[in-house]
Amino acid sequence: MTSTPRSRRASASAAWLVLGLLALSPAFAKQSDRDQPMQVDAKHFDGFQKPNTVSTLTGSVVIRQGSLKATGAEAKVHFDGESQIDRVVITGNPAHLEQLDDNGNLMQGEAATIDYHAAKDYAVLSGNAVVKQKGRGEARGDTLTYNTQTSQMTGESNGDGMVHMTFQPKARAATTPADKPAAAAPAPASTVAPASARSSATPGTP
């Protein structure tokens, strides 16, 4: 099943920022992904691409849209009033999500449930959620929300739980001998003879 994307609706920033904690610094996900068709594969499919319906896919579900890829055991595909894919809810043990950013760095996420809001450019990972962003760090919590357009992420944990984050330091350039400052050259020996060695003869004296 292939669904050709249409123009996106207004940004869902307000919807996901209310989750609270900004886990990692901004970076841009691969911008061409949102304009690619969505490819959906599964062993079994039950439903139709009709307005305001839900179709069920089961067995080795794989969803691709550009560099974005989601996998799981089952997926519920929600179609809007124009028969376009509005969101896909993927479940697994766990379900997986990955995407490249514009610099080619890979984001990998997993959780019991991944609710991908395709029309609004974000995914909600719930249930032992983990998101790792290469070269930047990782976050763990009950719920993590990942923006598939900006790579920004928010997170929360229920009860007394905590959102855990690890930030990777920027790699330092290796120091080579050429990078070390040159040692100061020794001062040249004085060409003036010491006073004790100078002649005491007066000019004109043989």
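Biologist: How many aromatic pairs are there?
Modeller: The count comes to 0 aromatic pairs. Keep in mind that this is a predicted model.

Biologist: And charges over rings: where does the charged end of Lys50 sit?
Modeller: Over the ring of Phe48. The distance to the ring centre is 5.1 Å.

Biologist: New topic. How many helices and strands does the protein have?
Modeller: There is 1 helix, along with 12 strands.

Biologist: In what pattern, read along the sequence?
Modeller: It runs β-α-β-β-β-β-β-β-β-β-β-β-β.

Biologist: Let's zoom in on Asp41. Which strand is its place in?
Modeller: Asp41 belongs to strand S3, which covers residues 38-41.

Biologist: Why does Asp41 count as partly exposed?
Modeller: Because its relative accessibility is 40%. Buried would need under 20%, and exposed over 50%.

Biologist: Which residues does Asp41 touch, leaving out those up to four places away in sequence?
Modeller: Ser60, Val61, Val62 and Arg64.

Biologist: Take Val62. How far apart are Asp41 and Val62 in sequence and in space?
Modeller: They are 21 residues apart in sequence. C-alpha to C-alpha, Asp41 and Val62 are 5.2 Å apart.

Biologist: Back to the whole protein. What share of contacts join residues at least 24 apart?
Modeller: 51%, among contacts between residues at least 6 apart in sequence.

Biologist: And how many residues are there, with what percentage buried?
Modeller: The protein has 206 residues, and 34% of them count as buried.

Biologist: Last one. What does the accessible surface come to?
Modeller: About 12200 Å². Carbon and sulfur atoms account for 53% of that surface.

Conventions:
Residues numbered from 1 in each chain as written. Predicted model: local features only at pLDDT ≥ 70, side-chain atom pairs only at ≥ 80, totals over all residues. Heavy atoms only, no water. Phe/Tyr/Trp six-rings, centres within 6.5 Å; stacked < 30°, edge-to-face > 60°. Lys NZ or Arg CZ within 6 Å of the ring centre and 35° of its normal. Helix = DSSP H or I, 4+ residues; strand = E, 2+ residues; numbered from the N terminus. Buried < 20%, exposed > 50% of the residue type's maximum accessible area, 1.4 Å probe, protein only. Contact = heavy atoms within 4.5 Å. Areas by Shrake-Rupley, 256 points an atom, 1.4 Å probe, with all protein chains shown as cover.
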